[in-house]
Every structure is written in structure tokens, then in C-alpha cells.
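Student: I have a structure open and would like to go through it. Can we start with a helix and what surrounds it?
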Amino acid sequence: MSVPSFVLVNGVITGLSYGLLALGLVLIYRTNRVLNFAQGQLGVVAAVFLVKCYYDFGFNYWFALVLALALAAVIGALSELLLRRLFDRPRMLVMVATIGLSQVLFVFTALPFIRPKSLFRPFPVPVDVSFHIGTYLFASGQVITLVVAPLVAIGLAAFVKWSPWGLAMRAMAQNSDSARLSGVWVRRTSTVAWTLAGVLSAFTAILASPGQTSSLTEVLSPELLLLALTAAMVGAMVNLTVAFVAAIGIGVVQAILVWNLNSTAQVDLVLFAMVLAVLLVRIAALRTGPRGEERSGWMEGSHRQLRTDSPLRRRVGASGVVVAVVVVALLPLVVSTGRSFLISQICIYAVVALSLTVLTGWAGQVSLGQFGLVACGALMAAHLGASIPLVLLMPFAGAVTAVIAVIVGLPALRVRGLYLAVSTLAFSVWFMGAVLATPCWNLPLVNRRLCTGLPNPQSTLINRPTFLGIGLGSERSFAWFSLAVLVASVLMVRLWRDRGVARRLISVRDNEVGAGAMGIPLARSKVLAFALSGFMAGYAGVCLAFATERFSTATFDPTFSILVVSMVVIGGLDSIAGAVLGALYLVGLPALFGTTATIQFLTSGLGLLAFILYLPGGLAELLHRFGDLVTLGVEQLGRRRDAPPPMSGRLDAGLDPVAGEVAG
Amino acid sequence: MADQVLFDFAVPDELLEEVVAKSRDPDVIADIGVMPGTGEGKPPSLVGILRSNGFAPLVLLTAAALVPGSFQNGIALIGTNLEHSFHIHDAALGAVTFVASVSQLLWAVPLAVWADRGSRKVVAGVALLIFSVFAPLMGLAPNVWAFTFIYLVASIGYGVNNTVHNSYLADAYPTEGRGRVFSWHNLSDPLSQTVGILIFGYIVTVAHNWRWGTFVALAGIPIALALFTLREPDKGQNEQSHILKASGMDLHSQQAEAPRVLLGSAVTRLLRIRSIYYELVAVAILGFAGVGAPLFGNLYFVRRWGLDTAQRSEVYSIIGLAAFLGLPVAYVVGDRYFRRAPERPLVIAGFCITAYGGLFVASLYMPQLWMVVTLQFLANAAVSPLAICIFLTLAATAPPEMRTICFAMFGVYSLVFGAFAGGVILGAVSDAAGYLHGPTVALTLIGPVCLVGGILLFIGSRYVKRDITLVIEDVLERHAEGKRRQAGRAVPALQVHNLDFFYGSNQVLFDVNLEVGQGEMVALLGTNGAGKSTLLRAVSGLDHPHRGVIRIFGINCTYLEPEQIIDQEVALLVGGKMTFPGLTVRDNLRIGGYSMRRQGTRVRSALDEAMDRFPELSTRLDQSAGTLSGGEQQMLALARVMMTAPKLLLIDELALGLAPKAVDRLMGIVREVNGQGTTVVLVEQSVNRAMSLAEHAFFLERGEVRFDGPTSGLLQRDDLLRPVFLGSAVTGLG
């Protein structure tokens, strides 16, 4: 392994920008216990605005810089004001809200008074300095990063260490009420933290942008976020210095790997291993914090008052479901082929969302890598689809994926909550980048060639098989098949729910110690959750592969994992109906009305944010309330029917449209 | 025997029953005669009211609203000139207008906060002055960026019209004439759309340059200067004099200083006033119509009727004239109806909006253009009294010291929530329904939306009397307190008056009243879930009550945040929940001194004192607090709380989960602190301990105070204690 000095320096520079990102993540986490997915995007708006000021307005660089930083500070503060009302809600909800926020901020960069006229001019730099190491030229942007990033980090560290705000931030994260009673202005402190995070993010973006061509407004990629998160975790999510140094280390390691290894798959593998290693090594430190944020208030968000104990209410619900299923089953007869494909897609996404409902909603294990598991299923379909009948392939793929899910979830036996999000995200990034993209590889030592990846990473084509002799070639029959899979999955999940599997998982989620004391095997319960969820994701992957027929590595991009998380949250965290509704909302609406900007707007970040802010119980809660309303109406109708004078003939007729409305 | 006693307890004594019945009755409302603005017969004539209270405030404020209004409409008029001068397109012009209307909203809230804390005439004057100075500069702007920036600053002038002005007028003129005064003031709106725009247009035409038009704003300078010469009326003075007179009370009493309530707390409080809540939700929904109607109405006229820009502006100027019709209705009806039944204006508002929805939707499907225009004209006429009716109700139900913020919320809700959601949702519907019929379909949604808004206003109207009663209660409470002060009686450390508290829809405290004298040590006893902790949370500011007043050392602290209350020298200790387990003991103590962080020496001496009191902590300063034992954590908590040297110490279950020895130690310290003059309120589970510590006790059951007297007296009350403590404590003590 050779390490030329310019590779080292280059690694340090990359690491510095990871470091700034990691600092922002730590800052927000130690204040609000939130994994801020918008950390990268907070500053990108400012960086774009800097370009606008510099080129379009012709401002002096320094003046433009001050304006841009001020804008970033304002954006940070406003983000806090927006998210503030969520800070006592389940962490998962807030995390998804920050995903929404980052998408909204992405839209900001396209606003006319922020977006520069031309995106293809070099990013401005204040001074022109550069140097060579050997033949490698370090341009101004890199030199400035080398100087400024450490200064920014030191400034932040000093602020956190010496100003009373730093202590206040840590205190409020641990016990907000208690901090308030001691006179800590909790909300203001939080605003200060986000303002700083905004400025920090602006520095990150402004320092990293020179040299990049035009990916200026790009949303923060999961890979980049993952590396910054890993660094932050090395610092146990609270220690700024350690996180920053670790980020530099990661940058250097990555640079050395890239220089020495010839395939990105191997680099990804090493980085994935590194993430897992960090997680395992740092578990002790990560666990010292209060556990409150991991379990408390999971369901605080929804104030559903269930009326399901009334048999009538149950009948209304059941008839609604039946009507919905019948309507969807009839749809392929009338709609076009494209729409039939959409139905299959929604059904399959709903199954994936259901698998996450089991894992996250019930067991409380946050997974950002669900699409990695779906990809496992798809791989099975690609390799075995031709040789094994579908009816066997699905459970087989499910079982294999379940095993993989259990392995991915093993860290969960020791850590909970958001740390698991990191390891699953790492899994999904690695799976797409390394496993799927490498068709075949040599097993070391025995020197055998294994083909585990997609046969053709750019475009793999598979043929739809028959299911018990029924051809699935047409979109219409495949839509029916997908619907059947969804219905079967829902029935299966309901069975789990009624047979106490859910109760067991939820009890472990809400009070691990208490559940253990009552004799529930903790480790087995968690493994079970991962296995069940993996099983579903696995056969959903098979279906997805056959539904799309032609797919590539990009079909299983880690961002889809985040989309599935959004589905579950929008639908309602632990509701079966919610998972289906979430899929319908996030996949169905954009596909149906995808051409209009408004719908994209609604189903993307802003809709997400609005939902989480104002309807924390999700779509399932809406549906439930509607069901209650219908029940009430039916009840009243029934009562009136009982009362003299009898008019039952007419009222019976009146009942039917009410029942029909359930599906609508 | 035992059964007999239990049975006796199940029937509370008559007095209590009556109190309970009264406090739980949602319809406890004041006598209508006491309500400000009500009375027999016709309201007094406006001329009479103006004569006795001066014409100047109304005339000046109307003029002050007219100038910026005309300017804004004028800017809309010269849109094409702007596009030409600055070489911009429609989209950019739209963005500029958007920025201006958003910034107007941004200005409104801070200005309202300022106005509620300080002098409203000054706020109104300063806002107008800044507008009058900056607006003409827009005419000198070299490019669109400078223009937008100056516009942003100048829009401060619009941020006060419906907020600060209304609040000032509500206090400057008696409640009997409020509706008519608001109507006159609101006349500035249609006037600016007609007369104002004419003047602006005339100047621009004569000068052949739009830039001269901006000098219209200069007219604001003398008006602003004149505003400064007005007298600033006391907040709520009319309500107060009316209520006190009607209740047969002496008008003069010493008033305690008003606390500085933060914006967030004020909003929380206002939203807890039910009629205001319904009004604001209705307004938010109506904003949907308010923004959607013009936005998609334009598209409707283009696509359905093929009108060009000039024709559309003609149509809209006809429809706009309808506003002149509605105002006289509000003028005539508002005060008269309010006088007979204060909820009536809101009912009218509900009808207005429902009628608007119906007429508007009907207009969309008319076969002839003139029918469309006529119906929309009628719809607009129907809706124009709406604002006055709602303003009238808001002014009557909002606490006078938060009135401006309340008016500002009206704007925020209608624009931010309604308009934003309206624009997006209507846009989606319109796009989905196709090019030609999209706008029609989208606008049809306004019908049901208006119906919902109307229903919400009807529901809200049912609470108006109750909410005015709350205002009356406040006035009377303040008056009683003033009287007490005047009589020179000692100020209690803690007073709780008529406290109601809800978690969601679940009422936890029912009309709680208690007083704790300075230097006392009192025990707060009760069953689990009786509301003891909630009461302490409310006193310390962690939660805010839904009704009632909390005074600490005579100062009204009901809506202060805990971060402010600590400056009133109050501390709350919640057993087992106070430490920061991840911080070191030292950092825990540093947080204890956080509120004194600017007084280094005081923090240091407080730290030393804490070390002296708890020597065992000093050896563990660098250990993280989570590793301490339960008793030590509680010690740390007590040490932390004592650092600010509170004069009122609230303790919620000091003994929670602690060994008797540790409890004795801590109790000893509490007693010592009490001996040094600190008032202590102690939530206790053990009657024995309460007996040994406190001379006075309160007993709470299901959110009601069931006993208030010397602790020894509580022992006589078998009926209270027996079911709670199963007799053992009582027999043990007896």
C-alpha cells in the first residue's frame, strides 16, 4: 500500500469538510437529540446565494460572504422555529421531519432571488492561492479549506466550551423541564444551536463548492451523510473535538483506499466495515446518555381514541376494507396498462412499508436500510427467477433476506434508536454500491468466483414467470398478483398483531427492562422483529423485480429507504392501514398527477412536514376518524329506524351509499 | 361501621357540592349587565361618543391607514411601468409583490408585541414615519433589488393598520361605540382602493413618470407626527370602568404592574380562549377563500370568459365597490346587536361567510357574464361586514393587554395558514381538473370551505359570553388585589385564584383557590392524580392554566415562563426528575447558577454555600450525576435549586423513593431554609410527615381543594383521609 503525501493532504481536505458536517450533526444532536438530515442542505442555499451575490449583483466577495452567512443563520433559526413543536415527539418523527426540511430547502435554491442566472461559472473564491505536491495541484478552494475549516471548528469548540450556551445545550437535551426551572431559555438555546448549525453548514458548503462543477444544489447524498454520521458517532454524538478529528481520519482513510484499491466496491466494503466497527467499539460511550429519547413518547403524537371495541365499528372497518379491495381488484379491468403497473407498484411499496411498520412501528427499531433488503429479494429473483417457481421463490427469498436482516440487525441487540439508523443506512449504501454493482468477485483463499451481484448492474432484464400456472406477463394480471400479495401480507401482519407478536415487540420497545422482567426474551424478540420484517421485504423485493422487469443498481438507491420511512411516518407509525395509505400517498399521488409541480410539492418535503406537524397520527388517524364518523352515522340511522313511525324501507336504501363512502 | 363512614363520605356536604357544581358548569357566565358594551335600548350616538372622547384619534388613525393603503394599491397600478423600468417579467413582479405582502406580515407580529408592552400611539406613529420616509425612496431605486428591499422596509406601514390601530381605538372609545369606530376606520380600505388610487394615478399621469407617484407617501409624515401628540389610553380602561361600575365597586384601586408576557405565552393564552380559537381557525380556513378567490378568479375569467387584462380589471373594480355596501351594514348592526347579545356579531359573521360561499359558487356556473359579476358583487357585499364583526368580538374577548397580538394573529392565520394551503390545494385541484374547467372546479371548493368557516363561527359564538366573563373575572380579580394592596395588608407569597387546567380535553384542576402567606411552610396533600403536581407545574410556569390567576408575591405570573419566574425568586423541585444524569455534578450545579451567570461572585458564593450544606457532593464534583445514588441525586437537586436562594420553594415529593434517613436529612434542610424566611410549599404523600413539618395544609381531591386549614384540623376530617390512606395513618396518629 503506497501513500504519497498528496493523497494524505487530499484526504485531510476531504475529511475537513466531513468534519464540519459532523460538527453540525453533533451540535444539533447534543441540543435536541435529533439526527438532522437537513444539516447539509441548510447551508447549500447560502452557498448558492453567495454565487448570486457575487456574479449577478457584482458584490464584493466579503460582503457577499457576510450576506450568505446571514442568510444561513436565518434559515437555521427559521428551521428551528418550524420544527420546534416536534421536539417532544418521537425522535423518529423529528428525523423524518428534517428529511422533509431538507427537501424544502432544496426547493429554496431554485427561487429566483437565490438561484444565480448561470450555474456553470466557477464558484467564487476570495484569494488565489495554490500549491503543488509533486504533480498534484491543490487549488485555491482546497487551500482555503485547509486553513478556514480548522479555524471554524476551533471557534465552535470554544463557543461551546466557554459560553454558557454550551452547557445549557447539553443540559436541555437531557432534561428540558429541569433546565427551564433553572432559568435556561430552552427555546432560545435551541434557536441558537440551529442558527450556529446553519452557519456551520454554510461554511461546509462554501468551502466544499469550489472545484465542484455544477452539483451545487445537490441534496446531501446518503454516502456523505453516512461518513459524517460515523465521525459524529466516534465522538459519541456529543464530543465535538473527537468527531472532528475522526472525520479527518475518515477522509484520509478514504483517500488512501481510493488511491490503492481499484474498485469502488472494495472501498465501500471497507467503509461499511469501518462504520460497523465504530458502532461496536463506541457502544459503551453511546449508551451512557439518557435512554429517554429512545423509548419515551413513542405514541404521544397520536391521540386516537379507538372505538374498535364496538362490533358495529368493526363491521364498518371491515366493509370499508372489503370495498376498497374489490374496487382495486376491478380497477385493472378499466384502466390503462400504465395505470395497472402503477397499481402493482403501489401494492409492492405498501408491502415494503408494512415490513417497516413491523420493525419500526412495533419493535421501535429504526431502519434506514429497508431497500437494501428489498434489493436482496430482487437479487434472488434475478438469479433464481428462471429456475425456481415463483410460489417457492417468494418464501425462499424471504427466508434468505430474513437471515440477512437478522445479521444487519445484530447491533440492535446492544444499541437502540438512532444508532441503528446509521448501521442500516450503511448497509443499504454498501449493498447498492458494492454488492449490487459487482456482478462477480473472487472469494479470497479458496479462489472461487462468486456471482452475487446484479448480472448487469446497468440494466438487468428478467422475465416474468407464471404463478401456479397463471401467466403474469400482462400488467393486468401482475396487478392482481400484487394486490393478492398485499392482501396476504396484510392478513399475515394482522395475524401477528392478534396473536400477540406485536404486543411482545411493543412491550420490548416501550420498556425493555419491564418486558424482560415479565419473562419476555429480549434478544429473541428483537431478532424476531428483524426476521419478520426481512422476510416481508425479501418477497416484496422479488415482486418488485418482476414488476419492473428491467432494473439497475439505481433502482435500489438508499434514498428509497428514506422514502419508505416517510411512508410509514405519513401513514401512521404503527398502523397497518397507515403503511398502505402511506404508499398510496407517496407513490400513487406523484405517479397519478406527477406532471404538476404542486403535487410534487405536496408529496415531497413540504407535504411531509405539514403532515408531521399537523397530523402526527398520520393518514391512518384520518381514516380512523372517518370510520368513527361513519359508524356514528350508521348508529344514528339505526336508532331512527328503531323509532316509530317505521320508514325502514327508505332508510335501508340510505345505508348503502354510506357503506360505499368508506372506500372512497 | 367502616362501611357507614365510607358511605357518608360518598355524599359530600352541601356547601362543597354547590361549589363543585358551580365550578364544573360550563355556563357560569356573568350577568349580561356587567358585560362591557351591553345594555338596554339603543347604543349612544357616535357623534356623542366622539365629542366626549375626541375626534382626533379616529380621524388621524383612519388617515394613517389610508396613506399606506393608497400607496400599496398605487404600486399595483403601475406594475407595467415597473416591469418596463426595471426590465423584469410578470413572474419577478409577482415575486416583489409577494415579498411585500409577506414582509407586512413579518412586521405585524413584532410591532404588536411592542404595542402590547408599550405605547400604541408611538408604535403607530413610528411605523407610519418609517413608511413615509422609505416609500418615496422607492421612486429613486436604481434597480429592482433596491426597490424590493426598500419596499420590504416600507411595508412596516401596513403592519399596524388592523392591529395596533384597532387596539388603540378599542381603548380610546367606549365599548358601546366600538363597532362604529372600527367601521369608520375600516373605511380607509375601500377609500384607498378608489380615492387613493385616483390620486396616485393622477400624479403618475401628470408627471409621466411612475417615480413621482411614490411621493404620495410623504403625506404620512405630518399624520405620523400628529399621532405622537395623541393621548395613550390605558389598556382595558373601558372594560374596567364599565365592569366596576356595573358591579357597584369603587373605581379607584392601586394597580399592580403588568408582567411582560412573551409572545409564545400570549399566543398560548389567546388560543385557549375558546371563541378566539374558533374565530382563528375559521379565519385560517377563510384565508383559503380570501387568497384563492382572486388568484383563481383571474384564471376563471380568462379561461371561462376569455377576458383580457383590461376587462378583468374593470370586472374587479365593479366587484370591489361592493365593500362600500357592507361597511354601513356593519356600522349600523354591529354595536346594536352586540349591545343586546354579545355573541350576535359572530353569528352575523357566520351568516356572512356562508352567504358569500353560496353566492360565489353560484356565480361560477352562471350562463352570462353579467350574472357572474352581479352574483360576485353580491357575494363581496355579503362578506364585507365580516372583518368588523370579528374584530368586535376579538376586542371584547381578548385580554386587553394582549389585544394587539390577538389582532395580529388574525392576519397571520388568514394569510399564512389559509392562504398558503389555499394556494397549494386549489392549484393542485385546478391542475388536475384540466385547463378549461380547472379554475371553476377549484373555486367551487370555496363553497364548502366557507360553510365550514361559517359553522366554526357559529360554534365560537356560543362561547362569547363565557369568554367575556373570563375578562370580567380578570378585572375583578385585579381590582380585589389592588384593594388589598391599598388596605396595606401583607402580600401573600403565593395566590392561586379560580384555576382551571386541562390536559387535552381532560380537566385536571377545577376552580382551585389557595393562598400561602410569606414565610409559611404548607403541605399539599392528596391522592394520586389529584392534580398536586399539575398545580405546582402551573405555578412554576411549566404549564399554563386555562382559567384563573396565579400571583407570586403579588405579581401576576399566570402566563410567565419558568425562565422568567425564576427571577421572581421561585424554585420548583420535582422529586427524582431534576438532575442531568449525563453531566458532572459540577456542571449540574453550574446549571443551578445559570440564571445568575452574569454575576460571577454570586455564583461562586452560592456554589460554596451548596458545598457547605452538602459536603458529600464536593468530593464527587467530577463524577457524572447519573452515577450518584437516589438520595445523593435528590441532594444534588436540592443543592441546585437552593443556589438561587429562592423566597418561594415548591417541592414536589421530596421523599420519592428515598430511604427514611435520607428523607430526614433533606427535610431538616428544608426546615432550616424555611426558618430563614423562605416560604415552602410541599407536596407530600405522608400525612405524618406533613403533620411534623407544616402548620397549614391543603387537601386536593380530583382537582378540587377539599380542605384548607391548619394541619391538625385535617386529622379531624376522617372523611377525607380515610379513603385515601385506608385509615392507617389516621389511627396511627390519632
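This is a predicted model: local features need pLDDT of at least 70, side-chain atom pairs count only at pLDDT 80 or more; totals for chains, interfaces and linings use all residues.

Student: Which residues of H3(A) are buried?

Tutor: They are Ala64(A), Leu65(A), Ala68(A), Leu71(A), Ala72(A), Ile75(A), Gly76(A), Ser79(A), Glu80(A) and Leu83(A).

Student: What span should helix H3 of chain A have, at 1.5 Å a residue?

Tutor: Its 23 residues, 61-83, should span 33 Å, and the end C-alpha atoms are 33 Å apart, so the two agree.

Student: Now the core. Which residues touch the most other members of the largest nonpolar core?

Tutor: Ala22(A) and Ala68(A), out of 427 residues in that core. Ala68(A) is also one of the buried residues of H3(A).

Student: And what does Ala22(A) touch, leaving out residues up to four places away in sequence?

Tutor: Ala228(A), Ala231(A), Ala232(A), Ala243(A), Phe244(A) and Ala247(A).

Student: Back to H8(A). At what angle do the axes of H5(A) and H8(A) cross?

Tutor: Roughly 170 degrees, and the axes come within 10 Å. Angles over 145 degrees count as roughly antiparallel, so H5(A) and H8(A) are roughly antiparallel to each other. H5(A) contributes Ile144(A), Thr145(A), Val148(A), Ala149(A), Val152(A) and Leu156(A) to the contact, and H8(A) contributes Leu196(A), Leu200(A), Phe203(A) and Leu207(A). By class, that is 9 nonpolar, 1 polar and no charged.

Student: Last topic: how many residues does each chain put into the contact between chain A and chain B?

Tutor: Chain A gives 29 and chain B gives 31. On the chain A side, H6(A) has the largest share, 6 residues. That side has 16 nonpolar, 10 polar and 3 charged residues.

How values were computed:
Residues are numbered from 1 along each chain as its sequence is written. Chains are lettered from A and ligands numbered from 1 in the order in which they are written. Two residues are in contact if their C-beta atoms, placed from the backbone, lie within 7 Å. Helices (H or I, at least four residues) and strands (E, at least two) are DSSP runs, numbered from the N terminus. Ala, Val, Leu, Ile, Met, Phe, Trp, Tyr, Cys and Pro count as nonpolar, Asp, Glu, Lys and Arg as charged, and the others, Gly among them, as polar. The expected span of a helix is 1.5 Å times one less than its number of residues. A residue is buried if 20 or more other C-beta atoms lie within 10 Å of its own, exposed if 12 or fewer, and partly exposed in between; C-beta atoms are placed from the backbone. A nonpolar core is a set of buried Ala, Val, Leu, Ile, Met, Phe, Trp, Tyr and Cys residues joined through C-beta atoms within 7 Å. Axes are lines fitted to C-alpha atoms, for helices over the stretch in contact, and angles run from 0 to 180 degrees between N-to-C directions. Angles under 35 degrees count as roughly parallel, over 145 as roughly antiparallel, 65 to 115 as roughly perpendicular and the rest as oblique.
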